[in-house]
Amino acid sequence: KTTPHSVDANTYLSGAISLAQGQGYHAATQVDHPPVTIYPPLNSFYLSLVWRLNPDFPSNIVSLNLGMMALGLGVCACLFVLLHQMGLPLIITVLLTLTLGLSPSWLTLQTFLFSDVLLTLFACFLWLLWWREDRQPTAVTYWLTGLLLAVCLLTRTASIAWIGAAGMMLLWRFRASRSWQWLAVLLLPFLACVWWRQWSASGYTYGNYFQTNMGSFSGYVSDTLVQAWKYLGGEHAVEMLSPAFKRLGVGR
């Protein structure tokens, strides 16, 4: 198995170059052009569209950054609409939207081409799809949910947890009991998981990463609990809104 010797941005970009050149999802910056097996392909696919418009590197760095900023602005626009639909005062809606849009960490994610930005946009689409307290979900809503969950899985592996969240929401809030409702939500994500598992089987995966860095399942559980505590304590929120304050110890 091939262990990647590159940072995240290089992996995303090398996959984008390979896709733009019609060579599939491979690491164009490595000598033997191995398949990219640690990160799902949709973020690289999006970057490949920008690359096709201007393949002259490094002058196209600005184009790549603008492409990521377009995703970031899309997230901010969705957030503004969602907060407005929730009935928050306009001034609060504007301030919260600006807080995200001007966050140094949020801008860093865009600059380094991270898949978090595209995944957040898909998350906003899911939120918009289900934030309808005035009516029950239709068949289209269920099938669109399955489609969005599938593209989320092909954007970032961490979104696999969203399938469980979707199941709990269907079961407890909407009392989904018909088989077609579960089929609509789970079929496409299942197919996405199967395809990605087959594609990544021959290369370096998150399973290898966890085994190398955490050693055992108990190590993974321990790290998960630590991260959960940081979320509950607001440490990650401070890091997102103002990394400088975090590093000064204000968030501790």
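This report walks through the cysteines, the aromatic rings and the nonpolar core of a predicted model.

## About the model

Because the model is predicted, local features need pLDDT of at least 70 and side-chain atom pairs count only at pLDDT 80 or more, while totals for chains, interfaces and linings use all residues. Residues are numbered from 1 along each chain as its sequence is written, and side-chain values use heavy atoms, leaving out hydrogens and water.

## Cysteines

Let's start with the cysteines. A disulfide here is a pair of cysteine sulfur atoms within 2.5 Å, and the count by this rule is zero. Cys 78 is in no disulfide, and the nearest cysteine sulfur, that of Cys 124, lies 4.9 Å away.

How much of a residue can be reached is given by its relative accessible area: buried means under 20%, exposed over 50%, and partly exposed in between (1.4 Å probe, protein chains only). Cys 78 is buried, at 11%, whereas Cys 193 is partly exposed, at 27%.

## Aromatic pairs

A pair of aromatic rings is described by the distance of the centres and the angle of the planes. Rings of Phe, Tyr and Trp (its six-membered ring) pair if their centres lie within 6.5 Å; planes under 30 degrees apart are stacked, over 60 edge-to-face, and the rest tilted. The structure holds nine such pairs. One of them joins Phe 112 and Phe 114, a tilted pair with 6.4 Å between centres and 50 degrees between planes. Both residues are partly exposed: Phe 112 has a relative accessibility of 45% and Phe 114 has 23%. Together with Tyr 12 and Tyr 39, Phe 112 and Phe 114 form one aromatic cluster.

Tyr 142 and Trp 180 make an edge-to-face pair, 5.3 Å centre to centre with 80 degrees between the planes. Tyr 142 sits in helix H7 (residues 139–153) and Trp 180 in helix H9 (residues 179–200), so this pair ties together parts 38 residues apart in sequence. Helices (H or I, at least four residues) are DSSP runs, numbered from the N terminus. Tyr 142 is buried at 2% relative accessibility, while Trp 180 is partly exposed at 31%.

## The nonpolar core

A nonpolar core is a set of buried Ala, Val, Leu, Ile, Met, Phe, Trp, Tyr and Cys residues joined through side-chain atoms within 4.5 Å. Which residues touch the most other members of the largest nonpolar core? Among its 48 residues, they are Leu 47, Leu 64 and Trp 106.

Elements that give two or more residues to this core include helix H1 (8–20), helix H3 (61–85) and helix H6 (116–130). H6 gives the most, with nine residues.
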